Amino acid sequence: AEKPEDGTASDRAGESKEAGHTKRKNIQGRAVYNFSDYMSVDRQVLAMLETAKRISLTDYRVLIQGENGTGKGVLAQAIHNNSSRSGKQFLKLNLGALSEQQMLEELAAGKEDGIKALERAQGGTLYLNGIHHLPDSVQRKLLYILDGEPNVRFIFSTDCDLYQMCREGKFQTELFYQINEVSLSTIPVRKRGEDIPMLFEY
């Protein structure tokens with residue numbers, strides 16, 4: 001079964017364990033899950049996991065799309081832990097918990113007032129959770145960063161339809177294609193009939 005997403009008791013407990021790795025609740029600095037933790041016998045899910053395993057061996061930017069509670073965070077950590085960057089930092093930035101100014105600060109390259117997320121993730125993976133929360137100014141900033149090709153593996157996730165947001169002018173089309181080099185879609189349990197018996201036994 002998928003591990004809990006943001007907002008659950010388990011996730012909050014995990015945040016407290018990671019307090020030694022970060023002083024800010026909007027950043028989590030450890031990847032503990034592997035592909036074996038994403039349990040499923042559903043054929044669609046297994047096919048998605050095989051794709052994820054293959055792309056984990058590359059530095060392609062990954063966009064993970066799916067409803068809340070479908071294991072997007074588990075998948076992001078598994079990709080990092082199966083990659084050549086697994087010995088480096090994994091940082092999860094919860095964009096929905098940040099103001100516009102805080103987002104800009106965390107994506108800054110400087111070290112004023114402490115090393116920011118982009119700087120800390122050098123050589124490792126930066127997971128931007130809730131990419132749909134980015135206001136226009138931060139979208140432009142992120143596009144500038146990606147054009148510079150920093151030594152960071154980016155993984156993004158959302159529970160919104162970014163393509164529709166592009167059509168409505170709420171998300172920059174160029175940025176959408178930049179972050180969407182590879183797209184993975186998580187599937188809710190209610191649509192995974194083959195997993196129901198396994199979940200009852202788990």
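Is Lys-170 buried or exposed? Lys-170 is exposed, with a relative accessible area of 51%; here buried means under 20%, exposed over 50% and partly exposed in between, using a 1.4 Å probe and protein chains only.

1. A word on the model. This is a predicted model, in which local features need pLDDT of at least 70, side-chain atom pairs count only at pLDDT 80 or more, and totals for chains, interfaces and linings use all residues. Residues are numbered from 1 along each chain as its sequence is written, and side-chain values use heavy atoms, with hydrogens and water left out.

2. The partner of Lys-170. Lys-170 forms a salt bridge with Glu-168, their closest N and O atoms being 3.3 Å apart. A salt bridge is a side-chain nitrogen of Lys or Arg within 4 Å of a carboxyl oxygen of Asp or Glu. Glu-168 is partly exposed, at 44%.

3. A bridge across the chain. Five salt bridges turn up in a search of the whole structure. In one of them, Glu-67 pairs with Arg-190 at 2.6 Å between the closest N and O atoms. These two are 123 residues apart: Glu-67 is in the loop between β2 and α3, and Arg-190 in the loop between β6 and α9. (Helices, H or I of at least four residues, and strands, E of at least two, are DSSP runs numbered from the N terminus.)

4. Helix α6. This helix covers residues 136-147 and spans 17 Å from first C-alpha to last, close to the 16 Å expected (1.5 Å times one less than its number of residues). Arg-140 and Asp-136 both lie in α6, four residues apart, about one turn of the helix, and their side chains meet in a salt bridge at 2.1 Å, N to O. Its buried residues include Val-138, Leu-142 and Ile-145.

5. Phe-154 is in contact (heavy atoms within 4.5 Å) with residues including Leu-142, Ile-145 and Leu-146.

6. A look at Ala-78. Ala-78 lies in helix α3 and is buried, with a relative accessible area of 1%. Leaving out residues up to four places away in sequence, Ala-78 touches Tyr-33, Asn-34 and Phe-35.
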